[in-house]
Amino acid sequence: MSSLTVSDEQVSATPAKVIQPAWVRIMHWVNAFAMILMILSGWQIYNASPLFGFSFPREYTLGGWLGGGLLWHFAAMWLLMINGLAYLVTGFATGRFAKKLLPITPSGVLHDVRAALTFKLGHADLTVYNYVQRVLYAGIIVVGVLIVLTGVGMWKPVQLHWLVMLFGDYPTARYVHFFCMASICAFLVIHVILALLVPKSLRAMIIGR
Amino acid sequence: MAKRSFLIPGVDKRLLIKDSIKTMPDVTRRRFIAGGASLGALTLLTGCDVVDSSSADALLAKVSKFNDAVQAFIFNPDALAPTFPESAITKPFPFNAYYDLDDAPEVDGKDWKLEVRGLVDNKKSWTLDELYKLPQVSQITRHICVEGWSAIGSWTGTPLRDFLKLIGADTRAKYVWFQCADKDGYNSPLDMRSALHPQTQMTFKYANEILPRAYGFPMKIRVPTKLGFKNPKYVVSMEVTNDYKGGYWEDQGYNSFSGS
């Protein structure tokens with residue numbers, strides 16, 4: 001963590017390139033906070049009527065009981081949706097998505113996954129995402145959109161009937177919502193491990209450089 | 001003139017504060033420290049007392065009220081809940097309550113009367129025989145529980161809006177409030193626009209048979225545009241009112257509108 005304590009003099013002496021602009025950093029951490037609230041309260045709701053033969057441990061659920069979990073879930077959803085929408089709009093409008101996440105080619109992904117697994121993936125220039133990052137970040141944006149659409153659909157299966165029908169119907173939307181959550185959890189684990197393995201990427205997401 | 005210092009010369013202010021914090025009772029100290037370091041995301045997530053504090057509860061209650069308003073805004077009185085063919089009916093349709101089936105109310109249909117109160121022209125009580133004579137319609141719709149599961153069932157009865165018209169209810173009132181025979185006195189408010197929805201029904205039959213005890217004999221209010229807990233069973237009275245009178249689950253924290 002010593003890399004976090006860069007002194008003011010160092011920063012001003014060598015004006016480093018901004019890797020993560022302020023809007024990305026703010027929205028990233030707001031999203032992280034909202035997403036964790038959504039996951040923990042979602043586990044509480046899941047436990048009221050499990051889809052599979054297991055429940056989430058009570059210690060990792062939010063709200064104390066179903067009613068409390070629902071209150072958290074339907075409060076944090078606003079934070080998640082508004083922040084997520086702002087992120088999508090800004091990401092497209094500034095061209096950041098196109099510039100940072102594209103192109104994604106199968107050969108590039110294969111090459112970089114192999115390199116990553118053998119710890120040969122370079123991180124010299126953090127402003128350019130490698131193919132592993134591109135696939136994960138683009139993929140998690142798609143999953144984020146899906147989890148919000150299934151969630152809103154299940155919230156309003158009559159008023160927004162067309163939305164649940166996009167996913168089959170109410171019960172199938174529930175499964176899609178669950179598997180999106182599972183994907184986000186898997187992403188979260190990989191994402192945090194990789195960020196810790198390359199601490200300067202974590203620093204860039206905090207102070208920008 | 002310089003401000004007079006109340007501090008004893010030679011005593012370090014910071015050490016003094018540190019010492020005084022140590023003399024605070026443990027809980028006060030924790031709150032003091034939590035308040036100071038209230039960037040709190042992590043404190044919140046560890047599930048300690050900050051989460052259950054009344055300020056978090058108050059905020060969540062406010063957002064839930066906001067969500068009531070959003071849902072009332074989204075609610076389209078003409079949007080019908082999807083209907084299904086008979087082959088889609090869930091068998092057996094689940095019994096669900098906060099008590100076992102053995103503890104479900106046992107209502108004697110001969111003694112039972114539906115009481116009508118509040119902003120209505122005709123406050124006469126209705127016997128089951130009288131109610132059975134009203135025109136009935138059937139629907140096969142999906143019942144969605146607040147717990148997440150859902151089941152498709154077949155319900156037959158009188159559209160509530162027809163009954164409200166019949167008794168001369170003031171349909172400009174805000175709510176129809178139902179009271180039930182469940183132990184602990186189940187009750188639930190239904191906003192007037194949902195009460196007037198064409199599919200909202202005073203249900204007397206399930207799968208073309210007299211409503212069994214498990215599903216709310218003698219009368220259930222079927223509201224396919226609401227979550228299950230807003231579909232009261234074993235109904236004994238309805239009151240047309242402008243007052244929000246709360247409900248069994250609503251008072252415990254379930255979102256009051258809970259529309260589908």
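User: Which element gives the most to the lining of the second largest pocket?

Analyst: Rolling a probe the size of a water molecule over the atoms shows where empty space is left. On a 1 Å grid over the protein atoms alone, a pocket is an open set of points with protein on both sides within 12 Å along at least five of seven lines, a cavity is a set where a 1.4 Å probe fits but cannot get out, and lining residues have an atom within 4 Å of a point. Here α4(B) gives the most to the lining of the second largest pocket, namely 8 residues. Helices (H or I, at least four residues) and strands (E, at least two) are DSSP runs, numbered from the N terminus. The model is predicted: local features need pLDDT of at least 70 and side-chain atom pairs count only at pLDDT 80 or more, while totals for chains, interfaces and linings use all residues. Residues are numbered from 1 along each chain as its sequence is written, chains are lettered from A and ligands numbered from 1 in the order in which they are written, and side-chain values use heavy atoms, with hydrogens and water left out.

User: How many residues line the second largest pocket, and which lie nearest its centre?

Analyst: The lining has 31 residues, and Ser64(B), Asp68(B), Tyr254(B), Asn255(B) and Ser256(B) lie nearest the centre. Two or more lining residues come from each of α3 of chain A and α4 and β6 (187–191) of chain B. The space amounts to about 600 Å³, a volume being the space filled by probe spheres set on points joined across faces, edges and corners. By class, the lining has 14 nonpolar, 8 polar and 9 charged residues; Ala, Val, Leu, Ile, Met, Phe, Trp, Tyr, Cys and Pro count as nonpolar, Asp, Glu, Lys and Arg as charged, and the others, Gly among them, as polar.

User: How many cavities of 30 Å³ or more does the structure hold?

Analyst: There are 2 of them. The largest has a volume of about 890 Å³ and is lined by 43 residues, with Ile45(A), His73(A), Phe74(A), Met154(A) and His177(A) nearest its centre. α3(A) gives the most to this lining, with 8 residues, and the classes are 28 nonpolar, 13 polar and 2 charged.

User: Which residues lie nearest the centre of the second largest cavity?

Analyst: They are Pro157(A), Val158(A), Pro82(B), Arg142(B) and Ile144(B), from a lining of 15 residues. This cavity holds about 110 Å³ of space. β3(B) gives the most to its lining, with 3 residues, and the lining divides into 9 nonpolar, 3 polar and 3 charged residues.

User: Why does Trp72(A) count as buried?

Analyst: Buried means under 20% relative accessible area, exposed over 50%, and partly exposed in between (1.4 Å probe, protein chains only). Trp72(A) counts as buried because its relative accessibility is 11%. Trp72(A) is placed in helix α3 of chain A. Between Trp72(A) and Gly42(A), 30 residues apart in sequence, the C-alpha to C-alpha distance is 8.8 Å.

User: Which residues touch the most other members of the largest nonpolar core?

Analyst: In soluble globular proteins, nonpolar side chains tend to be buried together. A nonpolar core is a set of buried Ala, Val, Leu, Ile, Met, Phe, Trp, Tyr and Cys residues joined through side-chain atoms within 4.5 Å. In the largest core, of 59 residues, they are Leu114(B), Leu131(B), Phe163(B), Leu164(B), Met202(B), Met219(B) and Met238(B). A second, separate core of 29 residues includes Met38(A), Ala76(A), Met181(A) and Ile184(A).
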